[in-house]
Amino acid sequence: MPANARRFRHQLSRNQTMSKLGFIGLGIMGAPMAAHLIKAGHEVFLTTRSKVPADLLTGKAVACKSAKEVAEKADIIFMMLPDTPDVARVLFGEDGVSLGLSRGKTVVDMSSISPMDTKEFAKSINDLGCDYLDAPVSGGEVGAKAASLTIMVGGPDAAFDKVKPLFELMGKNITLVGGNGDGQTCKVANQIIVALNIAAVGEALLFASKAGADPAKVRQALMGGFAASRILEVHGERMIKRTFAPGFRIGLHQKDLGLALSGARTLGVALPQTAGAAQLMQVCAANDMQDLDHSALVRALELMAHHDVA
């Protein structure tokens with residue numbers, strides 16, 4: 001086959017795989033995630049609570065006036081929103097997604113919200129003849145920008161298979177955990193582990209500093225042993241360098257731990273360490289630090305000790 005014919009065939013195949021996508025919620029996480037879809041050549045219809053960032057309006061990206069308009073124009077609609085009430089409003093409120101859907105479309109919620117409510121949202125969208133995936137992420141702003149997010153998915157196999165190539169534009173570790181709600185359950189479990197690790201690193205570095213050791217050298221030494229972790233590497237450095245600009249805000253992590261504790265009450269299980277971490281975050285919030293990065297949880301420990309790590 002001549003080279004120009006091969007190029008034409010490749011281009012035709014590529015164009016056939018391009019999708020009409022929607023992305024709702026263009027904050028710290030959503031904006032870079034949407035940017036990866038745009039860069040890949042997809043037609044992406046965008047809307048957010050404020051104005052769509054100008055730097056996203058490249059390629060085939062189009063700003064829309066409402067979530068309903070996005071749902072009317074796109075075949076697969078992604079959402080990246082702060083909390084459960086926000087998702088409910090965007091899906092079912094005035095000019096919401098549900099009002100713009102037609103049979104055969106797919107809604108993908110990448111927010112971190114209640115697993116229980118997610119199951120109800122999915123049922124309502126399914127009743128409209130559409131698929132629903134819950135696909136919360138881990139990796140923060142850094143992972144969103146680097147397209148290296150971990151994506152935990154709940155929903156039917158066929159919908160997952162259809163959307164997976166798009167997930168691969170935003171993340172690296174992509175797992176279908178189970179049915180609707182299971183992705184959100186997995187994310188809550190992730191947030192429990194992350195919170196407890198941040199608290200452990202904060203306590204360790206505070207103890208070392210108060211005892212007179214150099215916390216930076218202690219961290220360096222621990223990174224070579226069994227205590228090494230991604231939290232010690234990234235958030236430990238933040239604690240030492242006092243770089244608390246938000247990659248993931250304390251206020252959002254508080255919300256996630258609230259989901260964990262609420263779910264635990266429903267399930268009849270105790271999560272005492274999770275409750276302790278939630279209280280440390282509450283100390284930060286009570287001292288106007290809810291908009292700092294969650295590594296600033298160490299500030300609650302420092303306030304109680306009257307001593308700063310660095």
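This report walks through the overall build of the protein chain and then its salt bridges.

## The model

This is a predicted model, in which local features need pLDDT of at least 70, side-chain atom pairs count only at pLDDT 80 or more, and totals for chains, interfaces and linings use all residues. Residues are numbered from 1 along each chain as its sequence is written, and side-chain values use heavy atoms, leaving out hydrogens and water.

## Overall build

The protein chain holds 13 helices and nine strands (DSSP runs numbered from the N terminus: H or I of at least four residues for helices, E of at least two for strands). Its radius of gyration is 21 Å, close to the 19 Å that the globule rule gives for 310 residues, so the chain is as compact as a globular protein of that length. That radius is taken over C-alpha atoms, and the rule is 2.2 Å times the number of residues to the power 0.38. Along the principal axes, the C-alpha atoms fill a box of roughly 70 × 50 × 35 Å.

Of the 310 residues, 48% are buried (under 20% relative accessible area, with exposed over 50% and partly exposed in between; 1.4 Å probe, protein chains only). Taking contacts (heavy atoms within 4.5 Å) between residues at least 6 apart in sequence, 65% join residues at least 24 apart.

## Salt bridges

Side chains of opposite charge can pair when their charged atoms come close. The count here comes to twelve salt bridges, each a side-chain nitrogen of Lys or Arg within 4 Å of a carboxyl oxygen of Asp or Glu.

R89 is partly exposed at 45% relative accessibility, while D86 is buried at 17%.

## Links across the sequence

Now for R242 and E302, whose closest N and O atoms are 2.9 Å apart. R242 lies in the loop between α10 (230-241) and α11 (250-267) and E302 in helix α13 (residues 298-305), so this pair ties together parts 60 residues apart in sequence. E302 is buried, at 1%, and R242 is partly exposed, at 28%.

R249 and D291 form another salt bridge, at 3.0 Å from N to O. R249 is in the loop between α10 and α11 and D291 in the loop between α12 (272-286) and α13, so the pair ties together parts 42 residues apart in sequence. Both partners are partly exposed, R249 at 28% and D291 at 45%. Finally, salt bridges with shared partners join R242, R299, E302 and D308 into one network.
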